[in-house]
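Me: Could you help me learn to read a protein structure? I would like to go one feature at a time.

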Amino acid sequence: MRLLILAAAAILLLLKVSASGPYTTELLVVGWNPIKNLSDPYVREIAEFAVKTHNDEAKTGMVLEKVVGGDTQVVSGTGYRLVIEVKDGAKIKNYVALVWDQSWKHFRRLLSFKPFSLNV
């Protein structure tokens, strides 16, 4: 019964996320699990996607340097919460990117891209 309630809540939340546009952080339903291999090529691909999408939307020219940390969460796909280091002109900055990925549908959405702070 508890699993059924969690599944229903996840479905409702995903419908809300899908309808609310590209910048929302409402993907948080269940706990996050640390990414064990930050150099995994798929994790790098997700980070590159986040930076490129942010650059396209904000008209910036940031370049991904590396993935500093991250967590994943399974919710009708995978949520990635990545702490990334980017080069913005001559400056190095850290951001937190939240990406929702459904690999079997070839679907990805940047939900949030914010300067890193310890209050994330």
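Me: Let's start with a single contact. Which side chain does the side chain of aspartate 101 join in a polar contact of 2.6 Å?

Reply: A polar contact of 2.6 Å joins the side chains of aspartate 101 and tyrosine 42. Keep in mind that this is a predicted model. There is also a polar contact of 3.0 Å between the side chains of aspartate 101 and arginine 108.

Me: Where does aspartate 101 sit, and what does it touch?

Reply: Aspartate 101 belongs to strand β4, and it stands opposite arginine 108 in β5. Leaving out residues up to four places away in sequence, aspartate 101 touches Tyr42, Ile46, Gly77, Thr78, Tyr80, Phe107 and Arg108.

Me: Is aspartate 101 buried or exposed?

Reply: The way to decide is to look at relative accessible area, where under 20% means buried. Aspartate 101 has 5% relative accessibility, so it counts as buried. Arginine 81 counts as partly exposed because its relative accessibility is 22%.

Me: How do I see the overall plan of the protein?

Reply: List the elements in order. The protein has two helices and five strands, and from the N terminus on they run α-β-α-β-β-β-β. Of the 120 residues in the protein, 37% are buried.

Me: How can I check the length of a helix, say α2?

Reply: Count its residues and compare the expected span with the distance between its ends. Helix α2 covers residues 41–58, which is 18 residues, so at 1.5 Å a residue it should span 26 Å. The end C-alpha atoms of α2 are 25 Å apart, which agrees.

Me: Which residues of α2 are buried?

Reply: Here is the general idea: an α-helix has 3.6 residues a turn, so residues three or four places apart point the same way. In α2, the buried residues are Val43, Ile46, Ala47, Ala50, Val51, Thr53, His54 and Asn55. The buried residues of α2 pack against β2, β3, β4 and β5.

Me: What should I look for at the two ends of α2?

Reply: At the start of α2, a side-chain oxygen of aspartate 40 comes to within 2.6 Å of the backbone nitrogen of tyrosine 42. Just after α2, lysine 59 has a positive phi of about 55°.

Me: How many aromatic pairs does the structure hold, and how do I describe one?

Reply: A pair of aromatic rings is described by the distance of the centres and the angle of the planes. The structure holds three aromatic pairs. One of them, tyrosine 95 with phenylalanine 113, is stacked, at 4.8 Å centre to centre and 25° between the planes. Tyrosine 95 is in strand β4 and phenylalanine 113 in strand β5, 18 residues apart. Both tyrosine 95 and phenylalanine 113 are buried.

Me: What does an edge-to-face pair look like here?

Reply: Tryptophan 100 and phenylalanine 107 form one, with 5.3 Å centre to centre and 80° between the planes. Tryptophan 100 counts as buried at 3% relative accessibility, whereas phenylalanine 107 is partly exposed at 27%.

Note on methods. Residues are numbered from 1 along each chain as its sequence is written. This is a predicted model: local features need pLDDT of at least 70, side-chain atom pairs count only at pLDDT 80 or more; totals for chains, interfaces and linings use all residues. Side-chain values use heavy atoms; hydrogens and water are left out. Helices (H or I, at least four residues) and strands (E, at least two) are DSSP runs, numbered from the N terminus. The expected span of a helix is 1.5 Å times one less than its number of residues. Buried means under 20% relative accessible area, exposed over 50%, partly exposed in between (1.4 Å probe, protein chains only). Contact means heavy atoms within 4.5 Å. A polar contact is a pair of N or O atoms within 3.5 Å; within protein, one must be able to donate a hydrogen and the other to accept it, and residues adjacent in sequence count only if both atoms are side-chain atoms. Two strands pair if DSSP finds at least two bridges between them. Rings of Phe, Tyr and Trp (its six-membered ring) pair if their centres lie within 6.5 Å; planes under 30 degrees apart count as stacked, over 60 as edge-to-face and the rest as tilted.
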